[in-house]
Amino acid sequence: MSLRRRSAPARFRTPPRFLTPLAFLAPFALGTLVFVFYPIIDVIRLSFLEDHVFLTGQFSRVGLGNYAATFADPHFATAVRNTTIYAAVVIPTTLVLGLAAAWLLNRSFVGRRFFQTVYFLPLVTSATAIGLAWRWIFNFDYGVLNYALSLVGLPGVNWLNDPAWGLAALMIYGVWSMLPLTTVLLLVGMQNIDPRYGLAARVDGAGALARFRAITLPLLAPSIGLVLIVNLITSARVFDELFPLFNGKPGVAGSLYTMVYFIYDSFFKANDLGKASAAAIVFSLAVLVLALLQLRLQRRWRH
Amino acid sequence: MLTLKRLTGRTLLYLTLAVGALAMAFPFLWMGLSAFKTPAEIAAVPPVWWPERFSLENFARVFEVAPFAVYLRNSLLVTIACVLVTQVVSIMAAFAFSALRFKGRDWIFAAVVSLMVAPFELLIITNYATMADLRLIDTLPALVLPFVSSIFYMFIIRTTFQSVPEGLYWAARIDGASNWRYLWTILVPVARPTITTTSLLNAIAAWNAFMWPLLVINSRDKRTLPVGLYSFITEGGVRYELLMAAATVAVLPMLLVFAVASSQIIQGIARGGLKG
């Protein structure tokens, strides 16, 4: 940095050293202060104010009551449980399928671009719109999924209206929607592996599976780590798809509360600002830990 | 030379690829096909795969029973405004953080980037109150304003700006170009691939945004497509042939964008994940 500074001739520097940067930064700084920085401070403050009335700005006292109320809320417990099961099922499934897809797409064949585009289609579509298509697929009476089950002799499942099956439906959608990003990240990781390793192993007589296990998988470890964390964060953020699939309700009888839905519910439906803030902070801290991990891995991955 | 082993290998490869492609594309295909079906075809067991005739009747009905033209217009307006304003603001900030020199620059930059870890869900509560204070609840500007400064896009653009040789800047300045002129006539064209990518990601995020519009928009004529789609279930009852037509209308523009610019979008996503 200091070397560069010396290399620039002093007489070409802009005379007012502060005004120019300020002018270029002003809109960004204003937006960041008002819509990112201030909200973080404000929500921390709100989370400690008990019996806060939004309109009058009055509150009874300062304390940990909102956090206690959050952790005592059965819906919060449901949300944590759902998120845990969801992550435990969706993340490994997505990883295995993503590895297979990336491995296939990393070979050279005619029509590769076409297949890539098809595999990555869900990347650009909104959960609200394609969630409706899934709702139709999951339909109890006329849905194709139950029809497919009937073909193999299985009884139809009431995917969206049976509390025992709602999470399964959510997880099927989850795997489908997370698969493209997973595949992209793994594919990029595979493309960064020097092909000479594979070639050398091939010369030594290693088969495709052996090469995958001994070369691709270990060298892909950073990408896999990244994928795991990205998908963990995505799993924690499930929200949009509840609306097309379950009419904007968290499943039947509140069985499908998620972390974000809990925040939305406390804030928008119950108007409990304190609890919503406390829940949002708990959620963010969890995501923060994951994001920091992601950052570290990504840095290692780039170099 | 095609040996038998190679031939079976290729066949197996394409077969597996086709199965995967079908699984990924099926919701889209099924949605598109169902959008053309009659109510009788929709309710048929076993399912009718191919509609008997492809008439645009369902699409016309959708635009009749709900103001989808208005939703479409709102979504377009909000997306265009979001991309334009956010990209210009991000480009300016990225320039200040890369080419200009001022005290504490790198320190301020690090502080700003560290804010990126705050998920949007943390910010909505206060941002909603701010919108209420500004009397912007239930207006389209409320869908743009909180996203004007995107740390994520600024970060990506700055990385590209930094890879541009400094000599270019000094050469332009010696030739008498102002910072402003240098930025827009030299630096931005040089960084165009990156800015195209961030603009595309920005457009996708704005077009698909659901939670924030759901919170701040109350009236029918201010809804964007995702919110309008959701209201379509709660207000109109569930008629699947109409729902699928409406969903197709919402998905199609982004699919077209993806068909045209898939490699740029994929590159952008590979760099930073999907961050809105």
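## The interface between the chains

The contact between the two chains takes 76 residues from chain A and 75 residues from chain B, where two residues are in contact if their C-beta atoms, placed from the backbone, lie within 7 Å. On the chain B side, helix α13 (residues 240-272) gives the most, with 16 residues. Helices here (H or I, at least four residues) and strands (E, at least two) are DSSP runs, numbered from the N terminus. That side of chain B divides into 59 nonpolar, 13 polar and three charged residues. In this grouping, Ala, Val, Leu, Ile, Met, Phe, Trp, Tyr, Cys and Pro count as nonpolar, Asp, Glu, Lys and Arg as charged, and the others, Gly among them, as polar.

Before going further, a word on what you are looking at. This is a predicted model, in which local features need pLDDT of at least 70 and side-chain atom pairs count only at pLDDT 80 or more, while totals for chains, interfaces and linings use all residues. Residues are numbered from 1 along each chain as its sequence is written, and chains are lettered from A and ligands numbered from 1 in the order in which they are written.

## A helix pair across the interface

Let us zoom in on one pair of helices. Two packed helices are described by the angle between their axes and the distance between the axes. Helix α2 (residues 19-48) of chain A and helix α6 (residues 120-133) of chain B have axes that come within 8 Å and cross at roughly 105°. The axes are lines fitted to C-alpha atoms, for helices over the stretch in contact, and angles run from 0 to 180 degrees between N-to-C directions. α2(A) and α6(B) are therefore roughly perpendicular to each other; angles under 35 degrees count as roughly parallel, over 145 as roughly antiparallel, 65 to 115 as roughly perpendicular and the rest as oblique.

From α2(A), the residues that take part include Val34(A), Phe35(A), Tyr38(A), Ile40(A) and Leu46(A). Their partners in α6(B) include Leu122(B), Leu123(B), Ile125(B) and Thr130(B). The residues of this helix contact divide into 11 nonpolar, three polar and one charged.

## Chain A as a whole

Chain A has 14 helices and two strands. Its radius of gyration is 25 Å, well over the 19 Å that the globule rule gives for 303 residues, so chain A is more spread out than a compact globule. The radius is taken over C-alpha atoms, and the rule is 2.2 Å times the number of residues to the power 0.38. The C-alpha trace of chain A spans about 75 × 75 × 30 Å along its principal axes.

How many of the 303 residues of chain A count as buried? The share is 40%, with a residue called buried if 20 or more other C-beta atoms lie within 10 Å of its own, exposed if 12 or fewer, and partly exposed in between. Among contacts in chain A between residues at least 6 apart in sequence, 69% join residues at least 24 apart.

## Two domains in chain A

Chain A is divided into domain 1 (25-63) and domain 2 (74-302), with bounds that come from an automatic or database domain assignment. The C-alpha centres of the two domains lie 32 Å apart. Eight residues of domain 1 are in contact with seven residues of domain 2. On the domain 1 side, the elements that give two or more residues are α2 and β1 (49-50) of chain A, and α2(A) gives the most, with four residues. This side divides into five nonpolar, two polar and one charged residue.

## Local details

Helix α13 (residues 259-269) of chain A is mostly covered, as nine of its 11 residues are buried. Among them are Tyr261(A), Phe262(A), Asp265(A) and Phe267(A). With 11 C-beta neighbours inside 10 Å, Asn271(A) counts as exposed.

Most residues other than glycine have a negative phi, and most peptide bonds are trans. Asn271(A), however, has a positive phi of about 55° although it is not a glycine. Arg135(B), also not a glycine, has a positive phi of about 55°; Arg135(B) is found in the loop between α6 and α7 (151-163) of chain B. A cis peptide bond joins Val45(B) and Pro46(B), with omega about -5°.
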